[in-house]
Amino acid sequence: TDGRDNAEGERPLDAVAALGKGAEDLRLAAVALGDPRLAKNLRVDKVLAKDEVLVQDEVTFLAQLRQTGFDGVEGVTVELEITQTKGPDHRDFDRPRPVKIDPARARTVVRLAPSAQPTPAALAARFDEAGDYEVKVRAVLPRGPHDYAAEDAVVEDDVKVHHLRVLDRTI
């Protein structure tokens, strides 16, 4: 096992307690099996950026990637995906609106540092309309002759979300 509780049902102690009086003579033994080494994993650990900016500002998003088991892997793509969730009046849209961004500034390719060090990635996007935005920073392991992406144990943490409010104010 990877040590995660991925059971959909009751926890073991709750299941035993549910047996009531019948559990009094029951003996339990835990047996640990599996590989003690951590599974390979890439994750977007942090995203540093302003929470509020002005219209027409270019915002820098500094991402820190962490990994286990992928030391020195080259060709890892880090990219932004931006959706606007609220308009200038800060009311929710019926559906979030995808935002077109300059791929030259909103995408980069990095080589992963050793697991004890974070791997930095700098991305940027310009915001021309007031409102609230959801900015996803996504890290993608390379595929090809060696499919690193297939070895990533927890794909869900390859993305980190930053919430941004863009204001239309004059200085």
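Predicted model: local features only at pLDDT ≥ 70, side-chain atom pairs only at ≥ 80, totals over all residues.
**View 1. Overall arrangement of the protein chain.** Along the sequence, the elements follow the pattern α-β-β-β-β-β-β-β-β-β. The protein chain holds 171 residues, and 29% of them are buried. Its accessible surface amounts to about 11800 Å², with 49% belonging to carbon and sulfur atoms. Of the contacts between residues at least 6 apart in sequence, 74% join residues at least 24 apart.

**View 2. The largest nonpolar core.** This core contains 29 residues, among which F61, L65, L80 and F127 touch the most other members. At least two core residues come from each of β1 (41–48), β3 (57–68), β4 (76–86), β7 (119–127), β8 (131–140) and β9 (159–167).

**View 3. The surroundings of L65.** Which residues are in contact with L65, leaving aside its neighbours within four places in sequence? They are L42, R43, V44, D45, V76, V78, V110, L112, Q117, P118, T119 and A139. L65 is also one of the core members that touch the most others.

**View 4. The pairing of β4 with β8.** These two strands run antiparallel and are joined by nine bridges.

**View 5. The pairing of β8 with β9.** Strand β8 is also joined to β9, by eight bridges, and this pair runs antiparallel. K136 has V161 of β9 as its bridge partner. In a regular strand, side chains alternate between the two faces of the sheet.

How values were computed. Residues numbered from 1 in each chain as written. Heavy atoms only, no water. Core = buried A, V, L, I, M, F, W, Y, C linked by side-chain atoms within 4.5 Å. Buried < 20%, exposed > 50% of the residue type's maximum accessible area, 1.4 Å probe, protein only. Helix = DSSP H or I, 4+ residues; strand = E, 2+ residues; numbered from the N terminus. Contact = heavy atoms within 4.5 Å. Pairing = 2+ DSSP bridges. Areas by Shrake-Rupley, 256 points an atom, 1.4 Å probe, with all protein chains shown as cover.
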